[in-house]
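Please look over the sequence and the 3D view below before reading on. The report that follows takes up a few places in turn and then turns to the chain as a whole.

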Amino acid sequence: MNLPKLASIGIRAPRLTGANLRPPLRTLGPGSVSSLLKIALDVAYVLLALITGVLLLLWVASIFIPLDNINVTVTDGDNGRQMPLTRPLLLFGVGAMTAYFGGFLMILRGLRKIFRTLTLGDPFQPDNVRRLRQIGLILAIVTGGVWLAQGLVAARLAPGVMEPQGVSDLLTPVFSILVVFVLAEVFREGARLRRESELTI
């Protein structure tokens, strides 16, 4: 039994062209996934800037506010210990939080500039290499600062209540830092290849 040809009954087979094979979402350029992530980073940057500003004002205010007969409870979730709130403890706690959020504010600032180049469709710029290295360095400083601060708090302020972080707790942050520096080298190589191609043209 012979089936009628599709062309004879007015049905045309779809043609596979480059336009049909393109993914529905673009990763670079205006209106792409990068532009949506850039908007999310902008919102997060503004919120983090407000939080950092409030913490900075609290740190300045903690220099002057009276601390008579104020106790705090230091706990790790199970055990707790009450201790008087001293000015050095308050300045250290608020200052550490301010530095923590300020560090991530600087990281978000660099990421926003990187995603701006992705939105423009030109990611392999030499400035992005410098920005990624700065992000890796800030992330290393924040990670080391948190590790040292928690060890200091656990050992000096709440011995027996809070356990200091071990070296194993640094594995994930150190891996993330190494990934950032590897990405910086990838971008550096991409910028070099683009520069060489421009010179040959």
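Predicted model: local features only at pLDDT ≥ 70, side-chain atom pairs only at ≥ 80, totals over all residues.

Arg192 forms a salt bridge with Glu196, in which the closest N and O atoms are 2.6 Å apart. Glu196 is likewise partly exposed, with a relative accessible area of 38%. Because Arg192 and Glu196 are four residues apart in helix α5, about one helical turn separates them. As a general point, side chains of opposite charge can pair when their charged atoms come close.

Helix α5 covers residues 171-200, which makes 30 residues, and its first and last C-alpha atoms are 44 Å apart, close to the 44 Å expected at 1.5 Å a residue. Which residues of α5 are buried? They are Ile177, Val180, Ala184, Phe187, Gly190 and Ala191.

Another salt bridge joins the side chains of Asp122 and Arg194, with 2.3 Å from N to O. Asp122 lies in the loop between α3 (87-119) and α4 (126-157), whereas Arg194 lies in helix α5, so the pair ties together parts that are 72 residues apart in sequence. Asp122 counts as partly exposed at 26% relative accessibility, and Arg194 counts as partly exposed at 28%.

How many salt bridges does a search of the whole structure find? The search finds eight. Elsewhere in the chain, Lys38, Asp42 and Arg112 are linked in a network of salt bridges.

Just after α3, Gly121 takes a positive phi of about 80°.

The structure holds three aromatic pairs. Ring pairs link Tyr100, Phe101 and Phe104 into a cluster.

Is Leu36 buried or exposed? Leu36, which is found in helix α2, has a relative accessibility of 57% and so counts as exposed, since the cut-off for that class is over 50%. Leu36 also takes part in a nonpolar surface patch of about 590 Å², which is made together with Ile39, Val43, Val46, Leu47 and Leu50.

Where does Ile70 sit in the chain? Ile70 is placed in the loop between α2 (33-61) and β1 (71-75), and with a relative accessible area of 34% this residue is partly exposed. When residues up to four places away in sequence are not counted, Ile70 touches Met83, Pro84 and Leu85. Ile70 and Met83 are 13 residues apart along the chain, and their C-alpha atoms are separated by 8.7 Å.

## The chain as a whole

The chain contains five helices and two strands, and when it is read along the sequence these follow the pattern α-α-β-β-α-α-α. Of the 201 residues in the chain, 26% are buried.

Among contacts between residues at least 6 apart in sequence, 69% join residues that are at least 24 apart. The accessible surface of the chain comes to about 14,100 Å², and 68% of this surface belongs to carbon and sulfur atoms.

Conventions: Residues numbered from 1 in each chain as written. Heavy atoms only, no water. Buried < 20%, exposed > 50% of the residue type's maximum accessible area, 1.4 Å probe, protein only. Contact = heavy atoms within 4.5 Å. Expected span 1.5 Å × (residues − 1). Patch = residues over 30% accessible without salt bridge, like charges linked within 9 Å, V, L, I, M, F, W, Y side chains within 5 Å. Areas by Shrake-Rupley, 256 points an atom, 1.4 Å probe, with all protein chains shown as cover. Salt bridge = Lys/Arg side-chain N within 4 Å of Asp/Glu carboxyl O. Phe/Tyr/Trp six-rings, centres within 6.5 Å; stacked < 30°, edge-to-face > 60°.
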